[in-house]
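Trainee: Could you take me closely through one part of this model, the place where the two chains meet? I would like one connected account, with the cut-offs spelled out as you go.

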Amino acid sequence: MTPLAHYLILSGILFSIGLAGVLIRKNIIVVFMCLEMMLSAANISLVAFSRAQGTEGVPVYDPQVLSLFVVAVAAAEVAIGLALIVAMFRARKSVESTAITTLKD
Amino acid sequence: MEAAISSILFYLFATVAVLSAFGVVASRNPVNSAMCMAVSFASTAAILFCMGAQFLGIVQIIVYAGAILVLFLFVVMMLDVKSEERNLSNLPRAIIGVVIAGVFAGMVTKAALLLPDATAGKCPVKALCCTDYDATPDTTVAEGELSGGALPELAQDNADVKSLGETLFSQYNIPFVILSFALLAGTVGAVALGRKIRKD
């Protein structure tokens with residue numbers, strides 16, 4: 001049977017790929033996709049802990065409830081974030097993160 | 001045998017998830033990124049199924065691969081985003097990002113391996129194990145099917161959803177209500193941000 005550590009390592013790797021995408025990419029839509037991947041990687045870790053803490057084959061359901069909350073918050077966040085991206089495209093005619101320089105100049 | 005198959009499936013889906021996550025970061029066209037993200041979310045859902053969290057796996061497919069991905073594709077289509085060209089000025093930024101992410105992945109791996117009992121390979125989920133699971137076909141089920149004799153077994157199959165719902169609506173009822181307000185605020189905020197601003 002697959003040990004708990006492998007699930008946690010998979011979750012960590014997916015999270016770091018998302019982190020790398022957030023740091024590297026300039027296109028804000030892709031940065032936002034990478035953020036979503038980071039959230040879903042955290043879900044794997046939560047469900048793995050829920051399974052590992054269980055006794056007699058029944059998992060502990062508190063982490064799974066938290067994971068469900070994460071999914072709902074991610075959905076709300078995507079709605080707001082994409083509206084912000086559309087508003088930014090209207091104002092700047094670009095979706096590159098290098099176009100937002102009002103506070104820098 | 002069943003344990004071996006579930007291990008093989010886990011490593012298969014983990015490889016697919018990691019490779020398609022690389023695809024999201026590496027591909028220049030945002031539409032390709034979105035398609036790679038769909039594959040990544042589907043294999044994440046398969047891994048959740050392997051862990052016995054059927055309801056969360058279905059939610060992952062419906063919410064992430066269904067709703068969120070379609071929203072992304074709509075925005076990419078609406079904004080007519082050009083693909084990013086790759087030039088040398090991006091190189092320092094890419095190196096810094098890869099180093100930070102690599103250090104983070106190393107830390108998580110080390111911490112996961114240091115957890116007590118993390119590498120023991122316990123088998124806590126009964127439905128996925130070969131033990132105490134009655135594999136012999138029950139002949140009385142076929143006879144009792146017409147009179148609804150198979151119903152208790154169905155209830156046993158839905159044990160995951162049932163227990164999750166009981167926890168959600170008893171212990172976490174107030175956070176659940178607050179969460180619905182967050183979703184309402186998200187909807188109202190999206191409409192308010194997406195409206196055309198009048199200059200008068």
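Mentor: Where the chains meet, 75 residues of chain B are in contact with 59 residues of chain A, contact being defined as C-beta atoms, placed from the backbone, within 7 Å. Please keep in mind that this is a predicted model, in which local features need pLDDT of at least 70, side-chain atom pairs count only at pLDDT 80 or more, and totals for chains, interfaces and linings use all residues. Residues are numbered from 1 along each chain as its sequence is written, while chains are lettered from A and ligands numbered from 1 in the order in which they are written.

On the side of chain B that touches chain A, at least two residues each come from helix H1 (2-26), helix H2 (30-50), helix H3 (54-79), helix H4 (91-114), helix H7 (159-170) and helix H8 (173-194) of chain B. Helices (H or I, at least four residues) and strands (E, at least two) are DSSP runs, numbered from the N terminus. H4(B) gives the largest share of this side, 14 residues. Sorted by class, the side of chain B that touches chain A holds 54 nonpolar, 17 polar and four charged residues. Here Ala, Val, Leu, Ile, Met, Phe, Trp, Tyr, Cys and Pro count as nonpolar, Asp, Glu, Lys and Arg as charged, and the others, Gly among them, as polar.

A word on chain B as a whole: its secondary structure comes to eight helices and zero strands. Of its 200 residues, 22% count as buried; a residue is buried if 20 or more other C-beta atoms lie within 10 Å of its own, exposed if 12 or fewer, and partly exposed in between, with C-beta atoms placed from the backbone. Among the contacts in chain B with a separation of 6 or more, 54% are between residues 24 or more positions apart.

Now to the helix pairs. H1(A) and H4(B) pack with their axes 8 Å apart, at an angle of about 165°. Therefore H1(A) is roughly antiparallel to H4(B). Axes are lines fitted to C-alpha atoms, for helices over the stretch in contact, and angles run from 0 to 180 degrees between N-to-C directions; angles under 35 degrees count as roughly parallel, over 145 as roughly antiparallel, 65 to 115 as roughly perpendicular and the rest as oblique. The crossing of H1(A) and H4(B) is right-handed; a crossing is left-handed if the near helix is turned anticlockwise from the far one by less than a right angle, and right-handed if clockwise. In the contact of H1(A) with H4(B) there are 19 nonpolar residues, five polar and one charged.

Next come H3(A) and H3(B), whose axes come within 11 Å and cross at roughly 5°. H3(A) is therefore roughly parallel to H3(B). Among the residues that meet here are Leu68(A), Val71(A) and Phe89(A) in H3(A), and Val63(B), Leu71(B) and Leu79(B) in H3(B). The contact of H3(A) with H3(B) has 16 nonpolar, two polar and no charged residues.

Phe89(A), found in helix H3 of chain A, touches Val95(A) and Leu79(B), not counting residues up to four places away in sequence. Phe89(A) is partly exposed, because 19 other C-beta atoms lie within 10 Å.

Within chain B, the axes of H1(B) and H2(B) come within 8 Å and cross at roughly 160°. H1(B) and H2(B) are therefore roughly antiparallel to each other, and H1(B) passes H2(B) in a left-handed crossing. Their contact includes Ala21(B) and Val24(B) of H1(B), along with Met37(B) and Ser40(B) of H2(B).

Those four residues bring us back to chain A: Met37(A) touches Leu14(A), Ile17(A), Gly18(A), Ala21(B), Val24(B), Met37(B) and Ser40(B), not counting residues up to four places away in sequence. Met37(A) also belongs to the largest nonpolar core, where, of 67 residues, Leu14(A), Ile29(A), Met33(A), Met37(A) and Ala48(A) touch the most other members. A nonpolar core is a set of buried Ala, Val, Leu, Ile, Met, Phe, Trp, Tyr and Cys residues joined through C-beta atoms within 7 Å. At least two residues of this core come from each of helix H1 (4-24), helix H2 (28-52) and helix H3 (62-92) of chain A, and from each of H1, H2, H3 and H4 of chain B.

Key: Contact = placed C-beta atoms within 7 Å.
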